[in-house]
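Please take a moment to look over the sequence and the structure below before reading on.

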Amino acid sequence: MNDLPDSTLSPPSPLAVLAQRDEPAAPVAAGSQEARPALNFRQSRLSRLADRWSHLIFLGCSLLVVLLIGGILFFLASRGLAAFVPMAGNVGRTLRLGEVFLSSDWAPSSDKFGILPFLAGSLSVTGLALLLAAPTGILTGVFIAKLAPHWMRNLMRQVMDLLVGIPSVVYGIFGLTVILPIVSRSWLKDAPASGFAVSALILSVMIVPTIVSLSTDAFESLPPSLDEGAQALGSSRWQAIWHVLIPAAKPRLITATVLGLGRAIGEAMAVQMVIGNNPQWIALLRESTGSTSFLHTLFTPAATLTTELVQELPNTASGSTWNNVLFAMGLLLYLITMALILATRKLGQGREA
Amino acid sequence: MPVLKTLHLSRTTKPVDRLMRGVLWAIALGFIVVLTVFVGAILKQGWPVLNLGFLSKMPETLDAGGGIKPQLFNSIYLVVLSLGLSLPVGLGAGIYLSEYAGKGRTLRFFRLCIETLAATPSIVLALFGMIVFVQTMGWSFSIRSGAVTLALLNIPVITRVTEISLLAVPRELKEASYGLGATKLQTILKVALPYAATGILTGLVLTAGRAFGESAILVFTAGTNTSAHFPDFRMTVPGETLSVHLWYVTSDGTLPDAREIAAGTAAVMILVLLLLNLAVRFLDRAIRRRTR
């Protein structure tokens with residue numbers, strides 16, 4: 001195997017690339033006997049053995065990821081389920097599922113563990129953020145893919161790259177020091193200056209890059225014949241976008257939105273810094289019904305699954321009921337993420353069929 | 001096609017088209033404005049605080065005037081450690097997915113797992129790290145707990161980038177390598193990986209930026225304290241990073257100048273991010289120059 005027949009040197013261009021890599025001064029004269037192959041692949045027994053077994057190492061790395069997925073599920077479940085099932089290391093009482101998932105009464109010091117406020121908080125903040133981010137993100141996607149001139153396209157890519165790279169605590173401090181003062185100086189000043197609206201606004205900026213880049217890909221991968229056909233039929237640019245391109249890209253746009261949802265529901269620090277961390281927000285709203293407008297409820301201090309974890313986990317003793325319920329909330333978040341990923345898979349399959 | 005019905009030209013077609021083009025431009029420009037205001041506000045707030053003293057002083061616990069020297073060090077140290085841990089795994093998994101897994105069910109299953117890990121909220125990874133490394137293995141809040149858990153965040157990104165970069169290697173290049181008698185392993189290590197290196201490096205820089213800004217994971221694994229010594233390379237001490245410091249001083253509130261420190265820290269983080277972005281652009285240009 002060491003002396004190569006000349007015929008293997010026949011495709012010259014890739015070889016030239018190889019040659020330059022090793023010894024740029026001596027170009028390979030294809031076909032000449034003296035020409036050394038640029039890379040000297042020695043076929044010792046060792047290298048054959050390495051070749052045979054190396055894929056096991058790579059497979060091992062991949063399996064590690066699978067193992068991690070299972071490991072996270074196992075360890076979160078081992079602590080989260082301890083809230084409902086008597087387990088070793090439990091110091092508190094075990095709860096019924098109903099009093100955790102169906103109750104809005106969260107008062108751990110008086111033994112009440114209803115997590116409904118956090119679930120509802122997470123869903124409302126995420127929903128509001130999506131309401132802002134999904135339409136703007138998808139329209140920006142179509143703008144980048146189909147309408148923007150070249151320089152604008154590059155500029156928007158840069159902008160989205162920067163937005164996605166900004167750390168969540170910096171988003172949080174921006175909300176805290178820039179947006180909240182504006183809100184409390186506005187006509188909303190008698191409203192408590194935190195809560196859903198500000199968190200949702202910040203979250204929407206955080207998830208927009210995800211939605212933009214995925215929907216840009218979706219529009220760019222559409223066959224150009226769709227666009228051309230619509231225009232040949234005399235449609236305007238917007239008609240083509242609205243009646244042809246968006247419906248055609250719909251499954252992937254929904255996938256983009258679902259992934260944005262996943263990012264939003266799991267975001268912890270930025271939301272925690274601006275939402276006001278009030279687990280009793282449902283009770284607060286109930287007390288003040290009628291006297292407050294809808295806009296004011298948007299500025300009620302609230303709490304979500306993630307913010308409550310950040311807020312209270314460091315203060316609880318391991319093994320206590322309180323601690324276990326917090327881990328159960330983490331488990332719930334993880335299961336939601338998995339469900340969302342599986343949902344995007346189902347959407348993808350629908351597209352292929 | 002039901003579309004045909006709706007594509008008639010009416011008197012409103014043209015104005016609507018023009019209006020919606022305007023709306024699309026406005027949304028896109030809106031995002032540019034948001035970014036400019038954002039970066040501008042953070043830098044403006046942090047500018048008065050930023051000086052060499054701020055970067056090179058130890059933090060105070062109760063008095064004003066503390067610096068962020070150890071936090072800056074911990075941030076970089078943790079990013080390097082976590083990248084060192086996740087790079088081999090990510091590279092290996094990426095190589096497996098692009099070169100060995102084929103196109104069938106195996107590939108789809110592994111991709112699903114990597115997507116799931118990539119989408120897992122960092123707070124969930126934080127809980128996992130807290131249970132396994134901090135409590136079960138008894139590492140407590142330390143650099144090593146933080147680095148290992150942070151690596152979990154990096155692995156899916158590095159895997160994906162490696163896979164994509166390796167899939168972009170021209171087939172002729174690999175075939176030429178096989179033609180020279182190379183084994184598959186030699187082709188991957190000596191031909192495909194060097195070709196894909198710039199792409200992987202770009203991904204690494206982006207991953208480093210993400211790890212640099214991560215806070216939720218580190219609050220629960222690396223802790224909110226820092227060693228009293230300065231360069232403290234021990235893995236067993238708590239290691240508060242810049243992002244955790246930023247969060248902790250704002251929400252804890254014992255420091256009289258918490259606002260200034262938070263503003264300065266945020267500005268430093270934004271500056272680091274901008275630098276990393278420049279690096280990515282530079283690498284990107286290098287890739288394009290070579291593949292031209």
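A residue is called buried if 20 or more other C-beta atoms lie within 10 Å of its own, and exposed if 12 or fewer do. Please keep in mind throughout that this is a predicted model. With that cut-off in hand, we can turn to helix α13 of chain A, where A:L305, A:T306, A:T307, A:E308, A:L309 and A:V310 are buried. Because 6 of the 8 residues of this helix, which covers residues 305–312, are buried, α13 of chain A is largely enclosed by the rest of the structure.

Most residues other than glycine have a negative phi. Yet A:D111, in the loop between β1 (106–107) and β2 (112–113) of chain A, has a positive phi, near 65°. A:N277, which is not a glycine, has a positive phi as well, of about 45°, and it is found in the loop between α10 (269–274) and α11 (281–287) of chain A. Are these residues buried or exposed? A:D111 has 12 C-beta neighbours inside 10 Å and therefore counts as exposed, whereas A:N277 has 20 such neighbours and therefore counts as buried.

From single residues we move to the interior. In soluble globular proteins, nonpolar side chains tend to be buried together. The largest nonpolar core in this model has 174 residues, and those with the most contacts inside it are A:V170, A:M329, B:L127 and B:A266. Helix α7 of chain A, residues 196–220, gives the largest share of this core, namely 15 residues. If we leave aside the neighbours of A:V170 within four places in sequence, the residues in contact with A:V170 are B:I42, B:A266, B:M269 and B:I270.

Chain B can now be considered as a whole. Its 292 residues include 49% that are buried, and the chain has 12 helices and 0 strands. The C-alpha trace of chain B spans about 70 × 65 × 35 Å along its principal axes, and its radius of gyration is 24 Å, while a compact globule of 292 residues would have one near 19 Å. If we take the contacts in chain B between residues at least 6 apart in sequence, 74% of them join residues at least 24 apart.

We come at last to the place where the two chains meet.

One pair of helices lets us look at a crossing between the chains in detail. Two packed helices are described by the angle between their axes and the distance between the axes. Helix α9 of chain A, residues 237–266, packs against α2 of chain B at an angle of about 80°, with their axes 8 Å apart. Because of that angle, α9 of chain A is roughly perpendicular to α2 of chain B. From α9 of chain A, the contact is made by A:R237, A:W238 and A:Q239, and from α2 of chain B by B:T13, B:V16, B:D17, B:M20 and B:R21. Sorted by class, this contact between the two helices has 3 nonpolar, 2 polar and 3 charged residues.

Methods. Residues numbered from 1 in each chain as written. Chains lettered and ligands numbered in written order. Core = buried A, V, L, I, M, F, W, Y, C linked by C-beta atoms within 7 Å. Helix = DSSP H or I, 4+ residues; strand = E, 2+ residues; numbered from the N terminus. Contact = placed C-beta atoms within 7 Å. Rg over C-alpha atoms; globule rule 2.2 N^0.38 Å. Axes fitted to C-alpha atoms, helices over the stretch in contact; angles between N-to-C directions. Parallel < 35°, antiparallel > 145°, perpendicular 65-115°, else oblique. Nonpolar A, V, L, I, M, F, W, Y, C, P; charged D, E, K, R; others polar.
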